[in-house]
Every structure is written in structure tokens, then in C-alpha cells.
Amino acid sequence: MDVISLQQSTLSSLPTTVAVPEYDRQALQSGIVHVGVGGFHRSHQAFYTDNYINGSDDLRWGICGVGLREADRLVKQHLESQDYLYSILTKHPDGHTQVQVIGCMTDFLMAPDDPEAVISKMAADETYIVSLTITEGGYNYDPSSGEFDFTNPDIQHDLTNPDKPKLIFGYLAAALARRRKTDRPPFTIQSCDNIQHNGDITRKMLVTYIRAFDHELADWVESHVCFPNAMVDRITPATDQSDLALAKNLGIIDKWPVTCEPFHQWVIEDKFSQQRPAWELVGAQIVDDVTPYETMKIRLLNASHSVLGILGSLRGYQTIEQAICDPLFTKLITEFMDKEVTPILDAVPGIDLSDYKKTLIARFANPNIKDSLTRICSQSSAKVSTFLVPTIMENLKSNGNTAIASLVIAGWCLYSDTHLTQQGEPLEIIDDMAETLQQAAHASRISPLAFLEQPSIFGALVENTSFCNEYKSYISKLYAGVAIEHIIVSLLDQAQAKQVYN
Ligand code: CS2
């Protein structure tokens, strides 16, 4: 098979098994400016948008990417060198990989190089939506209080340098101020991050930020800008060299393909400041209230990922698939979902929770997806507080079960302290708070609750005596060197005994 470099000019020469954009790319406008062009954006929102343009020929909806961080530069370079084309490699559990070239990206702006270009792009008439995947930590709020963190030095920088901001809030504020000044309608701000009420949180953070220097603009944003909440889902492992090789085997030289599972879901609140793509024509669900969907997804999928990620890392596993294929971990996750999460979930319209949970386990077990535990555990400081702590809090209020969640936090303490598996192999830790976590974790050798005493992650959890007792028992076992699998076995036995007794 010929191997073809991905370019606009080579699209028609790609193997016929590769799906390519069928619309006129040269005529695309960029109705969407997207900040944070990571793998997830490329496998999810850009995928839905590309499918929509393909089906409708509605050329308003190209996407202009924006990178806020130096780390985005390589991404920009790769995309630029491929006329902003990239391929999605969809990995099916039977080993088969489907290839689709996505063409809806029109440009990529590196914000640090030219902040004005980003502000004027967002302020342009043809921009209807500014969407975000800036990670859970990017929203700059203190999870325990839910309030905007003005102590962040980058926020202080942005307040004094409104024309050259570093963070998203400065860009949004500058672009919205410009639109308001010229009497133009605002764009919609659409969060695609895994945060419950992601739209409401974005709104609260942005308005708080703006209110610090411009009350009138803050009022205008509050009353004119829409921030739809959304549930987003598609497992998208980090791209590595093996994916470049796989693309090549399938006939394409792509410097930065994205790989993902076949499953995808997007539930969006119909709350837009201006027009939007009819994503519902390509599988998105448009609903009035997204709350039950997002709660279900974050608490079942993302939290289970953290459970498998943290405990699986200590056990020496490297991928989600390896962890879930251990029957002990399958039992653990089943127990976690059934006993610690399901009891605090509301009914979800159109979804049978027991099917949803079964599908999750099957998705985790997809042998063709090598989702590394390093990716899953990256930025756990933001993830645990978003995915797990609210579940624990609710269980504590209703006298529910927290055994597995407390084991996960104790395991995370050990993991953060030693940066090692229990077999002594090094773990790669990617977390902005890694140092602080390590210090707090290390202190638990003397003071067992030290790790829990981080209110920005755990809120007031440390004040709950029964939770602390459970947690301390796991800390002492883990620090005494008891293997995680033994702790899990006895935890599951106790749970079973309790069930029989009940
Ligand atoms: C994962 C998510 O890293 C994580 O926290 O749980 O990236 C997960 O794969 C996606 O949310 C799936 O939709």
C-alpha cells in the first residue's frame, strides 16, 4: 500500500478505507474558536463538528484552535504542516481500527506569540462560539469553597496586563469587552471539560474575574452571555509513537493523529447566545437539563478511572485495560459503582444505569485502547476533588458507603509520597501540585491525617471522624507495606459479609 503524507493536496489520494472531509475546506469560516486543542477536543467536539459539516455543508462552523501554553506549540506546528488536517484512529475492541480525516480546523493561534490576534479572533463577527477544554484545573476555583482564586499569580498578572493575558479569563474578558463596546452580540462560551455544571462554573468564574475591574461589563456578561452546561464523553488515550506507526500502516503519514474508542456521547443544554451547529443531527443530545447526565458520567466513569488509576498504579498496572482485566479490580469497580455511587445518583432520563455501568466496564476493557494510568492519574489534584470528593461528602450525609473512596485517597497519599509502585517501580507523576502533595503525603508517616488536611482538595473531609477512622486504617496498612490486592480482598470480603448480615 502507498503511504501518503496528510495534506490538503493529498486527500484524494488516500486509501479508500480512509474517510475524508467532503466539503469545501477553502470556503470554511471559523464560527468556533476553541481553546485547548488536546486529544479530547480533536476526538470529540471537532469530530461531531466535522461530521455535521460533512452532512450539512454548513460552512460556518470551522474551528480556529488556540493554544494558551508553550506546550501547545508542537501541536500547532504539526497541524500547520498538515494544512490543519489530522486523522482520528477509532480503535474497536475486535482489533479493527477505523480512520477518519478531520478537516474542520481552519487555523491555530499561539496566544503567547500574539495575544491581540486571539482577542480579535474571538471578537470577530463570524465567531459565534468560544469553546474550552482547559482541564479541570483550568477554571481557577478553589474546590472546597467554589470561589475564584485571586491568589493565582497568573490571575494577578492578567489583571494588570489586560491586553496580554496568560489565562483564559483575560482573553474572554478582553474579547467580550470589545464586542460590547461595538454593540455586537456576545459569543456563547461552551465548556467541554469534565466538571459538573461546567457552564455554570465558567460563568461564575468569568463574571467574578471581570467584576474585579469592570462592574458594567460583568453585568452585561451575566445577562447576555450563554454558558451551556454539557456532558462530554469519549475515552481518548494520549497519542504516542505507536499511533503514528499505526496510521502509517493504514496508509497515512500523520504527525499527530488522535486515537479513541468508538463510543462517544455529548449531552448539551440548549442555551446559546447566538447560532450553533445542529450537532443533534450527528448524535449529540440537546436537553433542557444536563445535570443528571453529567453527574452520572463524572461520578461513574471519571471517578472509576481515578480508582483504577491510583490503585492500579500501586499494583504495578500500566493501563486501564490491564487493571480492569484483573478480576479483583473488576469486582472493586463494580462494588464502587453499585455501592458508593449509584445510591446517590438521580434517575437519568433514557438511561438504564445498570446497562450504563456494564458498558463502562466493557469500554474500560477494550484491548485495543491502551489508556495509560499516567494519563488517568495526571492532575489528580484537580480530578479527585471534582470526581470523587463530592460523592464522599454526599455519602457521609446519607450514611452511605465510603470504604473504596477512602482507600483510593489513602492509596493516592502513598503514591504521592513515594512516586513508586508497591513493587518499587518508578511512577511518572504529572501534577501541578506534585510537590505540595508529596510534602503532605510524607507528613502522614508521622501524622496520619496530614494528606487529608488539604482543604483545597478535600474540603472539610478531615472533620468527619468516621471517614477519618476508615482512612487511617488504610494509611496504616499501606504504610506497613500490605499489598493493595490484599487490602482490596479484605475490603470486598467485609462488604460481602455486611451484605449477608443486612
Ligand atoms: C479520564 C477522562 O483522565 C481522566 O480523568 O477519566 O479523560 C476520560 O477518559 C474522559 O472523560 C472520557 O470521556
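# A tour from the ligand to the helices

Select Asn302 and the ligand: an N or O atom in the Asn302 side chain lies 2.9 Å from a ligand oxygen. That is a polar contact, meaning a pair of N or O atoms within 3.5 Å; within protein, one must be able to donate a hydrogen and the other to accept it, and residues adjacent in sequence count only if both atoms are side-chain atoms.

Before moving on, note that this is a predicted model: local features need pLDDT of at least 70, side-chain atom pairs count only at pLDDT 80 or more, and totals for chains, interfaces and linings use all residues. Residues are numbered from 1 along each chain as its sequence is written, and side-chain values use heavy atoms, with hydrogens and water left out.

Next, pick His305. An N or O atom of its side chain is 2.7 Å from an oxygen atom of the ligand. Now show the backbone of Arg234. One of its polar backbone atoms sits 2.9 Å from a ligand oxygen. How much of the ligand does the protein bury? Alone, the ligand exposes 330 Å², and the protein buries 94% of that. Such areas come from the Shrake-Rupley method with a 1.4 Å probe; for residues, only the protein chains shown count as cover.

Select the whole shell. It has 13 residues, and Asn194, Asp233, Lys297, His305 and Lys383 come nearest. A residue is near if one of its heavy atoms lies within 4 Å. The shell holds five nonpolar, three polar and five charged residues. Here Ala, Val, Leu, Ile, Met, Phe, Trp, Tyr, Cys and Pro count as nonpolar, Asp, Glu, Lys and Arg as charged, and the others, Gly among them, as polar.

Which element gives the most to the shell? Colour H10 (291-315): H10 gives the most, with four residues. Helices (H or I, at least four residues) and strands (E, at least two) are DSSP runs, numbered from the N terminus.

**Helix pairs**

Two packed helices are described by the angle and the distance between their axes. Axes are lines fitted to C-alpha atoms, for helices over the stretch in contact, and angles run from 0 to 180 degrees between N-to-C directions.

Select H6 (168-181) and H8 (215-224). Their axes come within 11 Å and cross at roughly 85 degrees. H6 and H8 are therefore roughly perpendicular. Angles under 35 degrees count as roughly parallel, over 145 as roughly antiparallel, 65 to 115 as roughly perpendicular and the rest as oblique. Ala173, Leu176, Ala177 and Arg180 of H6 touch Glu216, Leu217, Trp220 and Val221 of H8. Contact means heavy atoms within 4.5 Å.

Finish with H12 (327-341) and H16 (403-418). Their axes come within 9 Å and cross at roughly 125 degrees. H12 and H16 are therefore oblique. Leu332, Glu335, Phe336 and Glu340 of H12 meet Ala403, Ile404 and Ala405 of H16.
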